[in-house]
Amino acid sequence: MAVPPSKRPPYLARLRHLWSLDTLLGLLVATSLPLAVVSIPNTLSVVARLLPGELNQAGLMRTHGLALPALMLTVPLAAALLRRVPVAVLLLVGLALVAVSEAAGGYAGSELLVGAVRVVRGVGAGVILSATLAGVWDRAPVLRALWVGVFGLSLLTAQALALWPLDEVMSWRVTLQPYPLVTGVALGLAAIHLIGWMSLGRQAESVPEGRERGRLLLALGPAAGIAVVAISTASEGWRAGPVILLAVVAVVGLLALASIGSGESRTLAYTMVAVGVVLLPSAAQVTLVEMGGLGGPGLLGLWVPYGVAGLLAVAASVVVRLFAGGLRRWLVPLGLVAMVVGLCSVRLVVPSADGMVLAVPFSLLAVGAAVAMTAASQQVGIGAAAFGLSLCAAGVLAGFLLGAGVQMAMLDGVRSAQELIDSFVGALHWWALIGGFLVVAIILLAAVMARRPVKDAPSDEPGQVPCAGPPVPADVLLVRAPDDEEPPTQAISRVVLPVSAKGAFDEADEADEADEADEADEADEADGDDEGREEDGSSPAVPPQGHSPEDTVSS
């Protein structure tokens, strides 16, 4: 007898190819996420002395800041587009847009061109964030943990990564093309990833469902409002009071929007708002205070604390992803509390001439954010995760607005360089205090909303329908309608009849009982046994027994 060939070697080969694809996706996450987040800081003021005299310096700074509004408007749109465009294609498109902005940045010479370059880069960065999140969602568990850890590290180091290429530069256009080599490497990896995805059969991917896409598009409203406010404050020269007030309104609006959805979805949304508002604005201010000109160690003295914080963040995210289990509900507030402690340590150790001590606040901020985001994303679908990412991007701009308002209030009226430095450090300390209280308020809000029941909330894991269908009330019985009754709308007509609480099958049908009683009466009349049984005038509690062969034998 012929033995069929074994299918194990092809399966192992396919599994090996999938692991190769996961490894390639991990490299893409490690290279493309920092490229996307580094687009956020506005560093044109650092090279202001290199700007040509014929260019409007204030106008260039305003247009240079358009990348963040473009990014936060693109994230929900790109996530909603995942239903029609595969992740591999979308990721390649996002990196291609970043590469185009890098190449065009070398030729930008006016406000219009600078604004166009920065908008294109922001759009590409937003596409990268959404595409990489969707790409790792259904892959190996370590990949999702890697995404969270690298994303938190990118938010922590965004300001430093944006400033690093500007050391001793000769052209201000470097701010528009900070890392062309890394962009090229990431673009090549994305192309290889697309080829691998196509050759392995185009595996199915998780995409946001109908209600989730509607919620993603709903996030565009607050994002657009915050963008308009940010552009207006930069253009009209608003004072500190209105800026702070509008920033607070923006944060409240994001928290209100985060309250939509199921309990798990709300927890992740609150967490992402807290991370977006606090992490990048706080780390950016700490980085600027620790520059060499202000008495700090400079960027060279900050890379070791950044590296330690990044390794701890990725490791903590992996541990939580693989071994959290039932501790998820406690790890989310614990991670946010760690961020609060990190903000408190900022008030204690910043400024510091020794860069190593900054490993404490950096690690607490990065690890706390990674633990909270990983734990909160365990039980939700890709739609809820993309919605949280959209709120996080909008929260970054709201946090920058709030921090800028605090700085404007502290720097008002300074007259000397020393007063400027003292006011700048004081603004950082005030911001750390405000950010800490904000995170505490979000922890309390999440705890209160977690106890609130959700009615008719859409499921975050689409496609899970009970195999027995929707639950049927225990006191309702569905039976077929009589044949002479015309069916109302469906092919099978039915009548709803109430029954006792004992259940639908504890009592016989009324029509069946009547038929059994008629048959019993006819049988008793034929045998003549009813007269002797009813001499006492009492009626039996149950219908009389029908005719049997034993009655004939006894007679």
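## Getting started

Two residues are in contact here when they have heavy atoms within 4.5 Å of each other. With that in hand, take Asp-22: leaving out residues up to four places away in sequence, Asp-22 touches Arg-139, Ala-140 and Leu-143. We'll come back to that residue below. Keep in mind that what you're looking at is a predicted model.

## The overall picture

The protein has 555 residues, and 46% of them count as buried. It is built with 19 helices and two strands. Its accessible surface comes to about 27400 Å², and carbon and sulfur atoms hold 64% of that.

## Inside the core

The largest nonpolar core takes in 143 residues, and the ones with the most contacts inside it are Leu-129, Trp-147, Phe-151 and Ile-226. Helix H15, running over residues 382–411, gives the most to this core, with 15 residues.

Not counting residues up to four places away in sequence, Trp-147 touches Val-29, Leu-33, Leu-129, Thr-132, Leu-133, Val-136 and Leu-389. One of those partners, Leu-129, is also on the list of residues with the most contacts inside the core.

## Two salt bridges

The structure holds two salt bridges. As a bit of background, side chains of opposite charge can pair when their charged atoms come close.

In one of them, the side chains of Asp-22 and Arg-139 meet, at 2.7 Å from N to O. This pair links distant parts of the chain, 117 residues apart: Asp-22 is in helix H1, while Arg-139 is in the loop between helix H5 (111–137) and helix H6 (141–163). Helix H1 itself covers residues 8–37. Are the two partners buried or exposed, or partly exposed? Asp-22 counts as buried because its relative accessibility is 9%, under the 20% cut-off. Arg-139 has a relative accessible area of 24%, so it is partly exposed.

The other salt bridge joins Glu-102 and Arg-121, whose closest N and O atoms are 2.9 Å apart. Here too the pair links distant parts of the chain, with Glu-102 in helix H4 (residues 87–105) and Arg-121 in helix H5, 19 residues apart. Both ends are tucked away: Glu-102 is buried with a relative accessible area of 4%, and Arg-121 is buried with 2%.

Ala-70 lies in helix H3, which spans residues 67–81. At 11% relative accessibility, Ala-70 counts as buried. Setting aside neighbours within four places in sequence, Ala-70 is in contact with Val-119, Gly-122 and Val-123.

## A cis bond and a covered helix

Where is there a cis peptide bond? It joins Val-350 and Pro-351, with omega at about 5°. Pro-351 is in the loop between helix H13 (328–349) and H14.

At 1.5 Å a residue, its 18 residues should span 26 Å, and the end C-alpha atoms are 25 Å apart, so the two agree. H14 is mostly covered, with 15 of its 18 residues buried.

Which residues make the nonpolar surface patch of about 390 Å²? They are Val-142, Val-319, Leu-322 and Phe-323. Helix H12 (residues 303–323) supplies the largest share of this patch, with three residues.

Terms used:
Residues numbered from 1 in each chain as written. Predicted model: local features only at pLDDT ≥ 70, side-chain atom pairs only at ≥ 80, totals over all residues. Heavy atoms only, no water. Core = buried A, V, L, I, M, F, W, Y, C linked by side-chain atoms within 4.5 Å. Buried < 20%, exposed > 50% of the residue type's maximum accessible area, 1.4 Å probe, protein only. Helix = DSSP H or I, 4+ residues; strand = E, 2+ residues; numbered from the N terminus. Patch = residues over 30% accessible without salt bridge, like charges linked within 9 Å, V, L, I, M, F, W, Y side chains within 5 Å. Areas by Shrake-Rupley, 256 points an atom, 1.4 Å probe, with all protein chains shown as cover. Salt bridge = Lys/Arg side-chain N within 4 Å of Asp/Glu carboxyl O. Expected span 1.5 Å × (residues − 1).
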